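Hi everyone, thanks for making time for this.

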Amino acid sequence: MSFLRNSTFNFIGGVLPAVALFVTIPVIVHRLGVDSYGALALITSIVGYFGILDVNVTAGSVKYVAEHQARGENTEVSRVVSFGLLLYLAIGTLGGLALWFSAEHLVGSIFKIGAAARNEVFQAIRWSAPAFFVGQLQIYLQSVPQALGRFDLSGKLDSVFGTLAPVATVLVVLAGGHLTEIVIARFAISVVHCAVLVLVLRRLLPGFRLSWPDVGVMRKVGSFSAFTYLQRIAGVTYQNADKLLIGASQSMASLATYIIPYTLISRIYGMLFRLLQGMFPLASALAAAQDFRGLQERYVYVMRYTYYINVCVCLMASAFATELLHYWLKGAVGSDAHLILVIVAYSLLAESTTNLPSLVNDGLGHPHISGIAALSRSAAGVAAAWWALSWGGIVALALSQLVVSVLASAVFVGVVHRLSMPWRFRDVAGPAYGIGTWVLVIGTPLVALRLSSAALEPWPFAVSAAAIALLLALIGWYGVLMPEHQRQLLGLVQSRFARPLPRS
C-alpha cells in the first residue's frame with residue numbers, strides 16, 4: 001500500500017474519535033462537574049504513566065514481522081508475534097498489579113482529592129488495573145496490521161473503537177453513572193477491541209501458531225527496540241507528568257481547567273501527526289536503496305505542507321481561543337483556560353517541528369539520537385513544570401512548557417541535521433519552513449491583540465473565522481503548494497467530476 005494511502009487511512013483513523021471527543025466533552029463536564037472531570041483526567045494520567053512499563057517492543061516487532069512476512073518465513077513470523085504477545089501479557093500483569101495495590105496510597109497520600117470523592121476515585125483506579133492489562137494486549141495487537149502494511153484495517157478499527165470510548169462515557173454519565181462506571185465501560189470496549197484484533201490477526205496470518213520464541217528472536221527484536229524505548233519513556237512522561245504534578249499540588253478544578261484546552265488542541269495536532277507516520281518505513285526503504293536525493297525531496301515537501309498546516313491550526317485556535325471555549329463549554333472551566341489553550345497551541349507547534357526529522361532519523365538507523373533527545377526534553381519539561389508550580393499556578397506551568405518546547409525543538413532539529421541527515425539544515429530550511437514562518441510571524445501579534453478581548457457574538461465569530469481560514473487557504477494554495485502538486489490535484493478533481501459529453 002502506498003505512502004499516501006497509508007497516511008490517509010491513518011489520518012482518518014484519528015478524525016472520528018477527535019470529533020466525538022470534541023462533541024462529548026461539554027456534556028461530560030456539565031454532567032460530572034469540573035472537580036469530577038478533573039479526577040477522571042487524573043485517573044487517566046495515572047494509568048497512562050504506568051505505561052512506562054511498556055518497553056516499546058512493538059517497534060522491533062513491526063520491523064521483523066514485515067521482514068519475515070515478505071520472505072514468506074511463516075515460522076519466524078509466529079515466533080516474533082508470540083514473543084510480543086507474551087511480553088505484553090507480562091507487562092499488563094505487572095502494571096495491573098501495581099495499579100491495584102497502589103490505589104489506596106495514590107488516593108490517600110499523593111494527590112489532592114477531596115474526602116467525599118476519595119472512595120470513588122479509589123474504586124475507579126482499582127477497576128483501571130484489569131483495564132491496563134487488556135490495554136497492553138490491545139497496544140500490541142494493533143501493531144500487527146501496521147507491520148503488514150494494512151493501515152486501512154488499523155485505521156478503521158481506531159476510528160470505530162476510538163469513537164466508542166467518548167460515546168460510551170456520555171451514555172454512562174447520562175444514565176447517572178460516575179467515575180467507576182466510566183472506567184468499567186471503557187474496559188468493556190477494550191475487551192471487544194482486543195477480540196476483534198485477534199480475529200483480524202487470524203485473518204492476516206492464517207499460518208500463525210503460538211510458539212515459544214528462541215533467544216535469537218528475543219535478542220534481535222529487543223535490541224532494535226532498546227533505543228526507541230527511550231522515546232517511549234519520554235513520551236509517557238511528557239504526556240502525563242504535568243497533569244500528575246497539578247493533581248498533587250493543585251485542585252481538581254485547576255487540573256480540569258488545564259487539561260480540557262490541552263486535550264482539545266493536542267488531539268488536532270495528534271491527527272496531523274498521523275499523516276507523517278508512514279515516513280518511517282518509507283525513509284528506511286529509500287535509505288536502503290541509497291536514494292538520499294529522493295528522500296530529501298519528499299522530506300522538503302512533506303515538512304513544507306505539514307508545518308504550514310500546523311501553523312494555521314496554531315493561529316486559528318489561538319486567535320479564537322476565547323470563542324472556542326465560550327461556545328464549546330459554556331463557561332464550565334476557569335477563566336485561565338483560553339490563555340492556556342493559546343500557550344499550549346504554540347508549545348505543540350514547536351514540538352511538531354521535530355516529528356518528521358525524528359521519523360526520518362529513525363528510518364536512517366539512528367534511533368539513539370531521537371531517543372536521547374526525547375528523554376532529555378522530557379526531563380527538562382518535568383523539572384520546569386515542578387519549578388513553575390512551586391511558585392505559580394497552571395498558567396506558569398504552561399509557560400514553562402512553551403519555553404522548554406521551543407528550546408528543545410530548536411536544539412534537536414539542529415543536532416539531527418548535523419549528525420544524522422544526509423543534507424544540511426540550510427539546504428532545506430527555506431523551502432520547508434519559509435512561508436509558514438512568515439505567516440506565523442505576521443499572525444502572532446494579531447493573536448496577542450485578541451487575548452484580552454471578549455468573545456465575539458456567534459455570527460461575527462463565524463464570519464471572522466471563515467474569512468481567516470479562507471485567507472490561509474489561499475496562501476497555502478498559491479504560496480505553499482508546489483506547482484506540480486497543484487497540477488496533480490487539479491487533474492484529480494477534473495477526473496473525478498468531469499462527465500463525458502452525450503453522443504449525438
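This is a predicted model: local features need pLDDT of at least 70, side-chain atom pairs count only at pLDDT 80 or more; totals for chains, interfaces and linings use all residues.

Let's begin with two helices. Find helix α5, residues 115–147, and helix α6, residues 151–174; their axes come within 7 Å and cross at roughly 145°. Who makes the contact between α5 and α6? From α5 we have Gln-142, Pro-145 and Gln-146, and from α6 there are Phe-151, Ser-154 and Asp-158. Sorted by class, the contact of α5 with α6 has two nonpolar, three polar and one charged residues.

Arg-450 forms a salt bridge with Glu-323, and here the closest N and O atoms are 2.8 Å apart. Again, distant parts of the chain are linked: Arg-450 belongs to helix α17 (residues 425–450) and Glu-323 to helix α12 (residues 321–329), 127 residues apart. Arg-450 counts as buried because its relative accessibility is 18%, and the cut-off for buried is under 20%. For Glu-323, the relative accessible area is 0%, so Glu-323 is buried.

The other one is Glu-351 with Arg-377, where the closest N and O atoms are 2.7 Å apart. Glu-351 is in helix α13 (residues 337–352) and Arg-377 in helix α15 (residues 367–391), and the two are 26 residues apart. Glu-351 counts as buried at 15% relative accessibility, and Arg-377 counts as buried at 9%.

Now for the nonpolar side of things. In soluble globular proteins, nonpolar side chains tend to be buried together. In this model, the largest nonpolar core has 142 residues, and those with the most contacts inside it are Ile-46, Val-81, Ile-260, Tyr-299 and Val-360. Which helix gives the largest share of this core? That is helix α11, residues 292–319, with 15 residues. If you click on Val-360 and leave aside its neighbours within four places in sequence, you'll find contacts with Met-279, Ala-283, Leu-295, Tyr-299, Met-421 and Trp-423.

While we're in helix α11, have a look at Arg-298, which lies there too. Arg-298 counts as partly exposed because its relative accessibility is 29%. Beyond its neighbours within four places in sequence, Arg-298 is in contact with Leu-282 and Leu-286. Arg-298 and Met-279 are 19 residues apart in sequence, and their C-alpha atoms are 9.1 Å apart.

Last stop: Thr-263, in helix α9, which spans residues 252–274. Thr-263 counts as buried, at 18% relative accessibility. What does its side chain reach at 2.7 Å? The side chain of Thr-263 reaches the backbone oxygen of Ile-259. Setting aside neighbours within four places in sequence, Thr-263 is in contact with Leu-21 and Ile-25.

That's my tour, and I'm happy to take questions.

How values were computed
Residues are numbered from 1 along each chain as its sequence is written. Side-chain values use heavy atoms; hydrogens and water are left out. Axes are lines fitted to C-alpha atoms, for helices over the stretch in contact, and angles run from 0 to 180 degrees between N-to-C directions. Helices (H or I, at least four residues) and strands (E, at least two) are DSSP runs, numbered from the N terminus. Contact means heavy atoms within 4.5 Å. Ala, Val, Leu, Ile, Met, Phe, Trp, Tyr, Cys and Pro count as nonpolar, Asp, Glu, Lys and Arg as charged, and the others, Gly among them, as polar. Buried means under 20% relative accessible area, exposed over 50%, partly exposed in between (1.4 Å probe, protein chains only). A polar contact is a pair of N or O atoms within 3.5 Å; within protein, one must be able to donate a hydrogen and the other to accept it, and residues adjacent in sequence count only if both atoms are side-chain atoms. A salt bridge is a side-chain nitrogen of Lys or Arg within 4 Å of a carboxyl oxygen of Asp or Glu. A nonpolar core is a set of buried Ala, Val, Leu, Ile, Met, Phe, Trp, Tyr and Cys residues joined through side-chain atoms within 4.5 Å.
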